[in-house]
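Please look over this structure with me. My notes follow as numbered points.

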Amino acid sequence: MTEPVWITGIGLVSSLGEGAAPHLAALADPAAKPVLDETGFAPFPVHPLPPLDLDRQIPKKGDQRQMEPWQRLGTYAAGLALDSGAARGLVGDMHLVVAAGGGERDIALDEAVAAELAPLPPAEAARLLNERLANGLRPTLFLAQLSNLLAGNISIVHGVTGSSRTFMGEEQAAADAVRIAAARLAEGRGEIALAGGAYIAGRWDMLLPYAAGGSLWRGAWAPVAQRLAGGTDGGMVMGTAGAFLLLETESHARARGAAGLARLTMVATGAARRRGKDTARASTLALAEQIRPLLRDGYAVLSGATGAAAPGTEEAGFLADLRESGPAQGPLRYSADLIGHTVEAAFPANLALAALALGQDGAPAQVLVTGFGLWRGEALALVERIDGGAT
Amino acid sequence: MSQAQDRPASGATNVPRASGATRDHLGRPLVAVTGIGLMTPLGFGVAESWAGLLAGRSGIRSITRFPTDHLKTSIAGAVDLPEDREGAPLTAAARVERLAVLAAEEAVADAGIGGPGDFPGPLFLGMPPVEVEWPHRFDLARHGQGPEAGRYPAMIAAAEGRRDLFETCLFGGVGERLADRFGTRGAPISLTTACATGASAIQLGVEAIQRGEAAAALCIGAEGSVQPESLIRFSLLSALSTRNDDPARASRPFEKTREGFVMAEGAAALVLESLEGARARGARVLGLVLGCGERADKFHRTRSNPDGGAIIGAMRAAIADAGLEPAQIDYVNAHGTGTPENDKMETLGMRAVFGDAPPPISSNKSMIGHTLSAAGAIEAVFSLLTIRDGRLPPTINHETPDPAIPLDVVPNVARDAKVARVLSNSFGFGGQNVCLVLGAEPAG
């Protein structure tokens, strides 16, 4: 990269609440307890959506009605990032990269149609399906379901129009969204960008595929370390988060007098096949080659571990490798212990938490943020305090 | 900011770039297209698809893959595959993957690059969102117990152990399997920008090469969403043509009686390389991606701002990125969906960018329909073929000109023209607009 990239704004909403304060409080307290809903989606505990005063970020009721909770959460968090970076006036040429899953389905309609038609002969079910959907689907729901319409709504509600890209692919999509947004700034394609994603944990339509993959933690909540230590498959406790980062070239931030919250020194992503020697641990070690020379004693690690054992074991191995070959590692925190695993929001949320942590008295000057996707995808980022970081 | 195989990013300085025949006006590496692959409603492969397009053939037909009772629209540019079984067609995720594989195999072979399963660059895959579909839900509900069988908790219980369902429906699943198959480097990037998706995939590949992050890129746009729920969703937006009785004449871009687009499927793959790298390995160069432009609209979820600002901005940005003036564009490959709104706005954009004498513009969608996530990539390939053969594909079904559309739309019949540079437009729902400028290889 040629031009340093700063994080100059953070929009963060999780089950803990919105903005810096509740997240800093949780980071500061090793015994912090997460906010949980252990009954609504039993046997799966989830970290629920906090109450939001939507009117503050999505002033038009018409806009709110065109969205479902996932798009609203992301649009809300994007607005928080703009406010946090005092960047409302810069949206016309601001670039946007969103990591997106799918929007909410109409659960009641799905259940009614499945219950009625599944027992019928397939040919008859297929004919009736057309009728039930044609009469039952709401026109606005299609747009609320479309993945790229989170970005579309951010453009419409907040006026971000420099460019708009939506990446798909779970955790990895978000890491690459941040990586590419930052790389484009670093090479001079624009000076300010918004990157992030959103995830709603309390959704049966999303729990279905993850449950099918055997990926979800069941029963009473347990911290990540305990889930990884049990000799079992572990499991994810899904979290709810909207997380957007305002990324800006240092020169642009300085020119407008914007305070940098942290320097995004490096983002690196990879995707091991996770078979044979092509392991997540090896993939991440290769990524770390670029970061290792920059690490200094006492760097903190903010782990994006999902709670699932397989990637968790790989990450533990990687961190051990890094300890052996690099400077002394400082404290390790699992973001999933605070806010759950938030898939497309996880990597930006973890960068946001890292950037917030750097601003605290006595905090390490560097945070290494890890991302080991549940199924695929590895990512590392180095976030540094601006006054003292390596250059 | 880099992927695993990159040069170290720290400490890299802005080295002065050599100018010359392999650099563009901004000193960036010129990006060549050295391989193309197509799957369209007109045929499997580049040759069949292009021949059909030049012949003015329509690939739009009545849907036979599933019952169309109660559907307002029962026509599409569906691409049926040998894997489709009677009563059990492929799901969208599986079809997208299969179409992408077929197009990419053709493109990689065409480029003669890398080795089997060893493509020397990243994958950028434009595709639609995929999800658990009705056949899955019915299957799970049938395996459920009792009166609650259709409820999500019961379907989830029935889904236990269905790792296949999980991997099929992950958004990253198709890209991962393609990356595995073709041996692309680094994390595969899957993306959606609605109807501009295919163009965005190419743009990301171009940028990776321009940044020096990759020497080559495999860029794919794929679509396979002709299934009942998708058709109904688009119908509810009043976006689709309902000329069910006359499928071949249903897609009528720029024509007075147009009343909606026709959903279609397909895929295109392009192998991009730095021109320098392509020449060094003696590759045949099909053409260049000279410029990319994008602009988001903030006006409305499905409509452009009436001032056309974002469309005009994207077109101008692409031309400027290529270091060209509008007058140097010889032909425009239209977004041209055949909705009243799009074609009106695209006309406005054409007149704003090119003035009173815009170049000819034609819509591939008049023949293949709107391939949605694949469209930008398919139309980029057709743009390159237009340059290669010096022949403009027509806009068919042009029966009653629309006086509000004063454009040369190459009505009904292909024609010869010397074409060195094409602007290819892609405008998406949600206001995501991407334009590409494709050009002939400069004399070396």
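1. The buried residues of α1(A) are covered by elements of chain A including β1 (5-14), β2 (17-18), β9 (329-334), α14 and α15 (346-358). Buried means under 20% relative accessible area, exposed over 50%, partly exposed in between (1.4 Å probe, protein chains only). Helices (H or I, at least four residues) and strands (E, at least two) are DSSP runs, numbered from the N terminus.

2. This is a predicted model: local features need pLDDT of at least 70, side-chain atom pairs count only at pLDDT 80 or more, and totals for chains, interfaces and linings use all residues. Residues are numbered from 1 along each chain as written, chains are lettered from A and ligands numbered from 1 in the order written, and side-chain values use heavy atoms, without hydrogens and water.

3. Which residues of helix α1 (residues 20-28) of chain A are buried? They are His23(A), Leu24(A), Ala26(A) and Leu27(A). They sit on the same side of α1(A), because they cover an arc of only 160° around the axis. The arc is that of the directions from the helix axis to the C-beta atoms. Ala21(A) and Ala28(A), on the other side, are exposed.

4. Asp337(A) belongs to helix α14 (residues 335-339) of chain A. Asp337(A) is buried but has no salt bridge (a side-chain nitrogen of Lys or Arg within 4 Å of a carboxyl oxygen of Asp or Glu). The nearest side chain of opposite charge is Arg227(A), 4.4 Å away. Lys and Arg count as positive, Asp and Glu as negative; His and the chain ends are not counted.

How values were computed. Contact means heavy atoms within 4.5 Å.
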